[in-house]
Amino acid sequence: MASLFGHVVASSALGAAFFPRQVRSSTLLLAGFCAFAPDLDVLAFQFGISYHSVWGHRGWTHSVVFTLMLGFLLAGFFYKKQPDTLKTALWCALSALSHPLLDMLTNGGLGCALWWPFSEARLFFPFRPIQVSPIGVGNFLSEWGGRVLLSEAFWIGLPALFLWGLGRVVRSNS
Ligand SMILES: [Zn+2]
């Protein structure tokens, strides 16, 4: 996994860059939840489901099908009576999808079952610069956690800032 912080920075940047009219505290929270939610699959360890199983960590919850459905369903549920439901849903779906894409840039663990249910192959990108985050808060509060935050500040924070800035420039010129 990338860390909770990395995933939420990504979802917030997507909102600020592409869905600025939809950004408010409640939608930021929902998009952030969508970006983090695939990692709730670590609960599978409690049920004895192995990391290598498609039902385990970075398995089916880290697929395009699951993440897009999660974003659309949650936004549809919470914002169904709003005029901008579709845009909010698209933002939440992209936020959820950003999760496995960021995980595939990390340098540890198993790859993501991105194409489940069509394939159970665990995939990474060829370029994996992001320091993988430990599983569990206890492990995060260590030197490893510090290295993760530094790595994410560079590889997620800087592109997020760039995306946010680019969105502002494009909108101010249109
Ligand atoms: Zn993950």
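Predicted model: local features only at pLDDT ≥ 70, side-chain atom pairs only at ≥ 80, totals over all residues.

Trainee: What makes Val 23 partly exposed?

Mentor: A residue is buried if 20 or more other C-beta atoms, placed from the backbone, lie within 10 Å of its own, exposed if 12 or fewer, and partly exposed in between. Val 23 has 15 other C-beta atoms within 10 Å and is therefore partly exposed. Val 23 is found in the loop between H1 and H2; helices are DSSP runs of H or I with at least four residues, numbered from the N terminus.

Trainee: Which residues does Val 23 touch, leaving aside those up to four places away in sequence?

Mentor: They are Gly 15, Ala 16 and Leu 28. Contact requires C-beta atoms, placed from the backbone, to lie within 7 Å.

Trainee: How do you know that the span of H1 is close to the expected one?

Mentor: The expected span is 1.5 Å times one less than the number of residues. H1 (residues 4–18) has 15 residues, and the distance from its first C-alpha to its last is 21 Å, close to the expected 21 Å. Its buried residues, including Val 9, Ala 10 and Leu 14, pack against H2, H4 and H6 (143–172).

Trainee: How do H2 and H4 pack, and what is the hand of their crossing?

Mentor: H2 (residues 25–36) and H4 (residues 85–103) pack at about 35°, with axes 7 Å apart. Axes are lines fitted to C-alpha atoms over the stretch in contact, and angles run from 0 to 180 degrees between N-to-C directions. The crossing is right-handed, a term used if the near helix is turned clockwise from the far one by less than a right angle.

Trainee: Which residues belong to the largest nonpolar core and touch the most other members?

Mentor: Ala 10, Cys 34, Cys 92 and Ala 96 do so, in a core of 27 residues. Such a core is a set of buried Ala, Val, Leu, Ile, Met, Phe, Trp, Tyr and Cys residues joined through C-beta atoms within 7 Å. H1, H2, H3 (64–78), H4 and H6 each supply at least two residues of this core, and H4 gives the most, with 8 residues.

Terms used: Residues numbered from 1 in each chain as written. Contact = placed C-beta atoms within 7 Å.
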